[in-house]
Amino acid sequence: MKENILIIGGGAAGMEAATQLQKMGLTPIIVEKSEALGGHIAQWDRLFPAFHPAKDVVDKMLDQVKDVKTHLNTEVIDIQKDNNGFHAVLSNNEKIDAKAVVLATGFDIFKAERKQEYGYGIYNNVMTSVELEQFFRTGKDERINNPKKIGFVHCVGARDVKVCNTYCSKVCCTTALKQACEIKEVFPDAEVYTFYMDLRMFGPGYEDLYLKTQKDFDVKCVRGRVCEVSEDMDGKLVIKAEDTLFGKPLKMTLDVLVLMCAMEKNKSIDAIQQKLGVANNSDGFMQNSDMYLGMNSTAQDGVFVAGACTAPKSLPDTIGEARSVATQVYNYINR
Amino acid sequence: MIVEGKQKIWADYQKDIPDDHYFYVRSCIRQSFWPASEVTFLDIVRNKLGKDFYENAYHTTCGGIAYHSDSIPQETAMTIIARQFALMHESGYENYVCSCITSFGLYTETLETWHEFPELEAKIRQYLWDSCKKEFAKPKYLAHASDMIYKFRFDIAKQMKFPLVNVKTGKPLKVVEHIGCHYSKMFPSKGFGGAEYPHVLVGMVEAWGGEVIDYPERRQCCGFGFRQYFVQANRGYSESNTHKKFESMEPYEPDLIITNCPGCPYFLDRWQYVIAEQTGKTYGKNGYGIPALTYEEVAGLVMGYDPWDLGLQVHQVAIEPLLEKMGIHYDPKKKYQGVNGKDLGMPQCPMHIKSV
Amino acid sequence: MNSQIFHPFVLPFVLGMAFVLTYCLVGLIRVIAQLPKDDRKKFWRSLVTPKTAWANIRDLFGDCLFHVKIWKRNPVLGYMHSAIAFGWFMIIVIGHVMLFTLKPLQGIEVEGLQGMFTNFYYPIFFKYFAEETPVFAFLMDFFLLMIISGILIAVVKKIHSKIVGVKRVMHFGFADSLIRFALWTIFPFRLIAEKTNIMAFWWLYSIDLLIFMCMLPFTRYMHIPTEALFILLRHAGIKVTEPRKGYALAELYACPSCGLCIDACPMSVNNKMSGNTSAYFMKKLRNKDTEESQRIAETCLMCGKCVKICPVSIESCDIKFSQRAATPYYINSDHSYLNDISTESEKSHKTLYFAGCMTQLTPKIMRSMKQIMEVAGEEYQFLDENGGICCGRPMMLSGKTAEAQAMVAKNTELIKQSGATKLVLSCPICYKVFKEEYHLEGIEIQHHTQYIDELIKTGKLKVNKGDVNYVYHDPCELGRAFGVYDEPREVLENVGNLRKAKSEKELSICCGGSLGSFTLTQQERDQVTENSVNDLMFNNPDEIVTACPLCLKTFARKSPVKVKDIAEIVAEKL
Amino acid sequence: MDFGFCLSPSSHVKMDSIDLTTFNRLKETNPDVNTCIACGSCTATCTAGNFTEMSFRRMLLMLQRGKEDEAKKMIQRCMLCGKCTLVCPRGINIRKILLDITR
């Protein structure tokens, strides 16, 4: 039993699924469009809630998939299904026959420019959470030079009909608090504000992180969404928000504003997804067959989904799904 | 400030406007506050740019003011608008250009509403027929007069006599651009440059050699806001809005303010006088205010029209310092002369803000 | 026998004695001068009033010499103290008796000043100057040995306090160790001197006395003279006004720093917190360490146990109150809004029930009380069923008695206009303040424990006895404050079996939730609670019963068994 | 000149210019002031709040928004009964803080 399983996407979900499938004696083949495995998580510095270095996790995962057949810088350009399974054509002109397909295509980061009022790409000192994470990794970002006041805006591109994303992106709250603490670690004298609508500390140890953020790091959490950003004469940012708990609008000057950008469905897979006949749900993510019992299966026999391609997910969620999709595939092959 | 960022947005918010043959409707506020502006506009587009702008003698208000101060229902306003469209249709035009921002907003709102609720459009057709036996056709293109100047800004630049440059220093004039809220804040896609970083006025200023300043309260409303102004007790609220804007732009030392809504220049001009009377504070240099002009007036100035023909003397804030900066020659004696040199007499001078 | 009347070695003693006498005299005048005018009058009057005068004499002997209170609590320590104190006292007395009986016989008569001078030291060094008769000699040696036996115990206590049943002792500085050493050696030296008559020992004996008396004012041994004054002031019925003035000052110096309160204090669950106990508070305040004494004053749970067990009956809580009152808060309370509350109420009833703020957080107590009163067929009015006004005690606990008056006044008004003749309270905190600070003439104030007990005794309430084993926790403000120990226990006997806690009644341990403390953190409070719960669980009861909503909430956090209010228990058994 | 109307002050809290000395001092002695999650339990149970607008969580905010006088005015209503401290889910020692604010 050496059936091929085509895994599209070499991020956390793809790698973990491949690892498990290989252990089950199947032959996973990863097709990754970028030049390296690891996905978004490989770009991350530390993980919430315990500030665990992301590299540790990624390296372990990479090590597990070192013998898995992998196509980098490659995309699936065509895929057909017949009685013998799936026949995919890759951008490197290779052809792959597989018994099942796992879509682990993950997510895209919301384009912050779309929230024009925040002035991303227009005001120098507005940056995204992803760029801040880069700063933590490299220690370099011309926007950050010993800031005295830093603000975080939650739900940028999430819970917002104006950008047609009504869903909660799940991980941004915790990420914001994690990054707020990290900023305080780098600049202890800086004042750090987070502007939140609700703080959704959904996981184990997350609420503790919240408490730590308030008590040990003296981060000021303001309930209220930043509504407009402008630049003053010295290029500092002037922001307006309402402190909804106090019932009054606020105005303050910041040195840096960090936008907690939401997860959006990775659209680069849409064409293939259509060929496979996998629909999207109302949030624009992939539609799995059942929210509870069929979270890894789709309307299409033999096509499976795992990770953030179906909804915003944290790393533990994703790994959990990757493992469960492996079981699903295994059972499908041996049905 | 990253200019490329703005340019990207400006590129995203463009609308195509036909090159000629427009049906022009006036603005209640503009023709009563700045009568010269519309005259100048028509003179520029017709005689300087040789475009066909048709005015129908029977056109009326759009009903916007009544509508926004809740004295008529939306259907009434829509019927009035339908009649305007009918006039355009009868006159054989399909490009509708209005001089008023309130109207522009209301026309846009109406067309969008009809688009979403065709049954309402049908209802209005019926109303129009019942009331004045007319039938209308929706305009193919709807534009605001400032869109026209924006579209022809480079042609105007070609005929420019006095660019927006300080002749003494040779530096570009610092200009505050202020769009009317109803230009694009309701329907960003309907205005050049959208709502956050509107380009319609920026385009003119830059084409004519000026430099636009971006100050924190640029989004703030001029303070008109209908209800806030019409009820005397609420005027303090209107004034406070304006005050907030001036406090925010003051440090940038702007030379003038350009606007595309007829109401904004009025409030940005008159409230400077009131603030000065109440607090003694003026925002221009040595006791003067900051001139708040309509885009037609600015266009007229750069094209070399006589300031007094442009009606700049009806501004509360003295215009002379700006004229001197731009090197425009003017005859102080003519400032208060009416047609055929009739002396209208010089108005009383305010306490705190210089008017000459 | 040296037939001379003077030897230089008496000089150290004479100097020391002169010094300590002057010091005490000045101190005495200072304290009395600092007393408020009325208190001073009271004081003088008490000295001549037979009743107080007798009490004075009784306690001066009982407490200062025989240390009855310590005997009661710990015979070994009791013996230690009384051996030294009484023994010493007797030696001095006998010394003087001999001075006036034997000296003339031996024809050593000195007249005038010189005579007074000689009489001043003669009894102290009698044996050096004159011959004792066998009887006296025996008595002297007897008491001397008595003292030395006491000192031996002291030495043992110092080396290993557990042997004499003391867990924690205070830690003292060099001065105290030095004077202690002097005290310990005085009498052995004297004994040796008397028996061997070696000059060096007479010198050592005298010098020891000098050291002891010169250091006395600056060490805890000052409590020996001060206690006498304190007893007189206490019997005069004087109360503390300022933390370091007058009566309080006398109390400060009367505190022997024996450290008995350290073991008693509910906070002594660990060494860090045992620094919050009264002994240290008194010491810090004595040494004018305002910051620290303020800290302790605000940390104290005000459970009053230290006062109850204090062998000198020092009211340290009162001093802590005055210390709290002395701190500058600027709340400037404004409770004028209370005036707007209407005092309209439906027809008046005999019984008025006031649940209190804390009880508002434990609705089951209110429910049970209503049930009980209805079953008992009582006509009652529920004063604060829809929320009431705070009784004022918590505010007073912050030392702000004046600020609490608005609440006291409004509650008084509400209660009086209700026309009730009995006020029943569920919260001991309220009970204490209603009893002490309110003027509710003609209205009987009862805590619900007493009320229920009465209902049962008068047969108005029939309860059936179950076989649950209860242990009862005495709330500080009900037990220690008012001695309400028996009523709750009798009630519980009626409904189930009563098990004993390890420490009960006036020794019961605060639950840790007390509003008395302002600064204890939740973690620290939890430690107190755990300790108190363990003490209650001593005889493995099925349920812990208390009579205070605050104790109830506090224990509920930590108790391994159900915690209930006595009212609940009774309601269950109706 | 009287126009029959006048400038009204901005309702914005100007975070750049507010004075936080009291709150910062408070924070040193009571780090848990930061941990309030504005659940409002304190306000809901407040004995004084039954008759007045007394609200501890709001008072903490006032201090953080430079409205110290309003905050101190509000404390005057407090009876120090301690119910707030008993109900606070974050275990904030509210009674101590109330006293410390005015110390």
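These legends accompany several close-up views of a predicted model.

**Figure 1. Which chains meet in the predicted assembly.** Other chains keep apart: chain A and chain C do not touch, and 15 Å lies between their nearest C-alpha atoms. Chain B and chain C are likewise not joined by any contact, with their closest C-alpha atoms 34 Å apart.

**Figure 2. The interface of chain D with chain C.** Here 20 residues of chain D meet 23 residues of chain C. On the chain D side, helix H5 (83-87) and helix H6 (94-101) each supply at least two residues. H6(D) gives the largest share of that side, with 3 residues. Sorted by class, the side of chain D that touches chain C holds 7 nonpolar, 8 polar and 5 charged residues. As for confidence, chain D averages a pLDDT of 93, and 100% of its residues score at least 70.

**Figure 3. The interface of chain A with chain D.** Chain D also meets chain A, with 13 residues of chain A in contact with 13 residues of chain D. Which elements of chain A each supply at least two residues to the side that touches chain D? They are helix H5 (206-215) and strand E17 (248-254). The largest share of this side comes from E17(A), which provides 6 residues. The classes on the chain A side are 6 nonpolar, 2 polar and 5 charged residues.

**Figure 4. Two domains of chain A and the contact between them.** Domain 1 of chain A is made of two segments, 4-106 and 266-333, while domain 2 covers 112-263. Taken over C-alpha atoms, the centres of domain 1 and domain 2 of chain A are separated by 31 Å. Their contact draws 13 residues from domain 1 and 16 residues from domain 2. On the domain 1 side that touches domain 2, we find 7 nonpolar, 2 polar and 4 charged residues.

**Figure 5. A helix crossing in chain C.** This view pairs helix H24 (residues 448-457) with helix H26 (residues 486-495) of chain C, whose axes come within 8 Å. The two axes cross at roughly 50 degrees, so H24(C) and H26(C) are oblique to each other. Their crossing is left-handed. From H24(C), the contact is made by C:Thr449, C:Gln450, C:Ile452, C:Asp453 and C:Ile456. H26(C) answers with C:Glu487, C:Pro488, C:Glu490, C:Val491 and C:Asn494. By class, this contact of H24(C) with H26(C) has 4 nonpolar, 3 polar and 3 charged residues.

**Figure 6. A cis peptide bond in chain A.** Zoom in on A:Phe48 and A:Pro49, which are joined by a cis peptide bond with omega about -5 degrees. Where is A:Pro49 found? This proline sits in the loop between strand E3 (46-47) and strand E4 (52-53) of chain A.

Figure 7. B:Asp70 belongs to the loop between helix H4 (64-68) and helix H5 (74-90) of chain B.

Note on methods: Residues are numbered from 1 along each chain as its sequence is written. Chains are lettered from A and ligands numbered from 1 in the order in which they are written. This is a predicted model: local features need pLDDT of at least 70, side-chain atom pairs count only at pLDDT 80 or more; totals for chains, interfaces and linings use all residues. pLDDT is the predictor's confidence in each residue, from 0 to 100. Two residues are in contact if their C-beta atoms, placed from the backbone, lie within 7 Å. Helices (H or I, at least four residues) and strands (E, at least two) are DSSP runs, numbered from the N terminus. Ala, Val, Leu, Ile, Met, Phe, Trp, Tyr, Cys and Pro count as nonpolar, Asp, Glu, Lys and Arg as charged, and the others, Gly among them, as polar. Axes are lines fitted to C-alpha atoms, for helices over the stretch in contact, and angles run from 0 to 180 degrees between N-to-C directions. Angles under 35 degrees count as roughly parallel, over 145 as roughly antiparallel, 65 to 115 as roughly perpendicular and the rest as oblique. A crossing is left-handed if the near helix is turned anticlockwise from the far one by less than a right angle, and right-handed if clockwise. Domain bounds come from an automatic or database domain assignment.
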